[in-house]
Amino acid sequence: MVRIQDILDTIVEYNPDAELHLVERAYIYSAQVHDGHMRLSGEPYLSHPLAVAFILARMKLDSESIAAGLLHDVIEDTHTTKEEIERRFGHNIARIVEGVTKLSKLSFSDKVYRQAESLRKMILAMADDIRVVLIKLADRLHNMRTLDYHKPDRKVAIARETLDIYAPIAARLGIFWLKQELEDVAFYYSMPEKYAEIDLLVDKARDEKEAYVKEVMEKLKEKMSAEGIEADIKGRFKQHYSIYHKMLSQNLEFNQVYDLIAFRIILEKKAQCYEVMGIIHDMWKPIHYKFKDYIGVPKPNGYQSLHTTVIGPHGQRVEIQLRTRDMDAIAESGIAAHWSYKEGAAIDEQTGKTFAWLRNLVENQEESTDPDEFLENVRIDLYSDEIYVFTPDGEIKTLPKGATPVDFAYMIHTQVGDQCVGAKVNGRIVPLAHKLETGNIVNIITAKDHHPSADWLNFVVTVKARSKIRHWINSQEKERSISLGKEMCEKLFRKKGYSFNAMIKSGEMDAAAKAFGFGNVDDVVAQVGFGKITSLQLLHKAVPDSEKDKDKENTGEKISSILHKIIGNKRKRKSSDGVIVKGLDDILVKFSRCCTPLPGDAITGFITQGQGVTVHRKGCVNILKMAPERQIDVQWSDSYTDSYPAKIRIRATDRSGLLADFATTISKNGANINNAQSETSEYGNVRSYFTISVSSIDQLNKVMSELRKLKQVTEVKRIVNAE
């Protein structure tokens, strides 16, 4: 267990003038309010905030950050309030602690909502004060180090969340030592079999390559000495998760991962980096497409280095990184290297610009109301590889890999994106779906009367572009629904002896709109047009006395009738469809082909014009393109007997009888094969696609689990058509 004196000694090493009394007071208060609390490991709970504070001290943060680290759980886990923290420790520490505090005390019906809201709060807070996320990352790191005390399913859930959210945040902040530890520990707990396999292969490779590492380092040192250049030279093995991710993403075998070892040369001056790169290229032949200049064009998180890959001794590829000592400090610590530990000092303007992506992340999520969509958007923002393009004036813009001129236009300004009609790249007209590359000069052509197209959603990759396009499409959908809703209300109100338009002018409808929870009449009328509210329900809210006669009105509207007006087609739903739409049994139901939902999947319905209700899996990418107002609650019925198609992809190393084993395993687990395709690469890697019929997600998971147990199988994944 870390002691408070260990933390104080570490702080004094890098900041002798630090406010140690602030840290000591935070320690005493944390010990008092956590007294009697225990961790799952059996240790006193105080061991956790002490460990978090020690990690922050090793990151050389200021006293406020370390004090906040000691207090980061007191609002969540004790009776302490933000006001109490502010009274004792000041506004800054109270604000940081509140930002770190999760929303676990709030009652959300869905864990996804809780995770999304907690993450949203953290993103908002860290855009205001970056120390919030540094403490949160230190908190997650210590929790991952002690994950072994949780139940198996909880271990996997926490590990996957770490890989999805926290490791990418550490990468975007440039704290690579933290990113790598989070990834490797999360990999160990989320995929233990794969981790053990990679670990065994790395250990074997390390024994074989130790002599090679020594040989390369000796040659580099000899050359630097001969040229009169002082340099620190290091060799390192690639981390386990990084190897696994590369094998998976590029469909490689372990022996095809050539950059298992990377060498780092640390120099005094920037100019020496380019000089030494020339020397290395003279020693060994470079692979031209493997050269990257992150010194001339730094990554958004401030990372700077020259990367080159050469054909080294014995014809083996060697990756070499060149950087100065200052660049190396930033490469290891990221924003923590920028953050001044001097008490009360603000982050400098240049560093603020470097991490402006945080504010963009917040801006991109403002219009996201669905938690699945929000989490997906955050992952897109965090995982994107960057390209660097130029405006006609020579200003550098950073975009995700695969970005198009439309993404670029929305980055410039929302109005530029909305009015984009064409683009020139390097002076040549290109399609709007054209994928930009680093170094492109992009010029956007606009027209004042132009509007976004729904087709753009098929190729844009930035969250901002997607959200702005959807916002415009939704506004158009709303206009059409307002028109339809007004027509339906006018007809029903007139039939009942009321004037809908007169009631709008008199203000009577305003109260009815508010009763439904809407701010104005147009919003509630749009819901009538979308089929979420009936015009009869609206009449009863506006004229309560009219509800007295509703039992006598056999001709009154029902939700089903209004849906039929929008949907058009109608038929008695077969019980075998397995889906209930808002408790109705006479709505045309179709399953989407894009995500092929199965019983057990979380699902949502989409009201179509004349095509019934289409059922999608929650989180389906196509749902993001649709107006949320047209979504309707659907659920699986208690009894379903049909089988449903599911598509899976299997990756394996070729061997005799492999396909026969696939077919036998699928059949033994009660599934039927509808379609099968398989291809084998020149390296003996097999990629097979099967469309199988199953009765539920549970049966599919069982089939996939059994397939993973087969010899030489490296991956089994459920896929949708978009993949």
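In this predicted model, T414 is in contact with K464 and K468, once its neighbours within four places in sequence are left aside. T414 itself lies in helix α21, which covers residues 414-418. Its relative accessible area is 23%, and T414 is therefore classed as partly exposed, since the buried class requires a value under 20%.

T309 has its place in strand β5, residues 306-311. Setting aside neighbours within four places in sequence, the contacts of T309 are P286, I287, K290, R317, V318 and E319.

Beyond its neighbours within four places in sequence, I320 is in contact with F263, I265, I280, W284, L306, H307, T308 and V310. I320 is also one of the residues that touch the most other members of the largest nonpolar core, a set of 98 residues; I66, I93, L137, I265, I280 and L322 are the others named in this group. Helix α12, residues 192-226, gives the most to this core, contributing 10 residues. Another core, of 32 residues, lies apart from it and includes Y644, I650, V694 and V713. In soluble globular proteins, nonpolar side chains tend to be buried together.

Helix packing can be followed in α10 (residues 152-172) and α11 (residues 176-190), which pack at an angle of about 160° with their axes 9 Å apart. That angle makes α10 roughly antiparallel to α11, because angles over 145 degrees fall in that class. The crossing of the two helices is left-handed. On the α10 side, the contact is made by K155, V156, A159, R160, T162, L163, Y166, A167, A170 and A171. Helix α11 supplies F176, L178, K179, L182, E183, A186, Y189 and S190. By class, this contact has 12 nonpolar, two polar and four charged residues.

These local views belong to a protein with 29 helices and 21 strands. Of its 723 residues, 50% are buried.

Note on methods: Residues are numbered from 1 along each chain as its sequence is written. This is a predicted model: local features need pLDDT of at least 70, side-chain atom pairs count only at pLDDT 80 or more; totals for chains, interfaces and linings use all residues. Side-chain values use heavy atoms; hydrogens and water are left out. Axes are lines fitted to C-alpha atoms, for helices over the stretch in contact, and angles run from 0 to 180 degrees between N-to-C directions. Helices (H or I, at least four residues) and strands (E, at least two) are DSSP runs, numbered from the N terminus. Angles under 35 degrees count as roughly parallel, over 145 as roughly antiparallel, 65 to 115 as roughly perpendicular and the rest as oblique. A crossing is left-handed if the near helix is turned anticlockwise from the far one by less than a right angle, and right-handed if clockwise. Contact means heavy atoms within 4.5 Å. Ala, Val, Leu, Ile, Met, Phe, Trp, Tyr, Cys and Pro count as nonpolar, Asp, Glu, Lys and Arg as charged, and the others, Gly among them, as polar. A nonpolar core is a set of buried Ala, Val, Leu, Ile, Met, Phe, Trp, Tyr and Cys residues joined through side-chain atoms within 4.5 Å. Buried means under 20% relative accessible area, exposed over 50%, partly exposed in between (1.4 Å probe, protein chains only).
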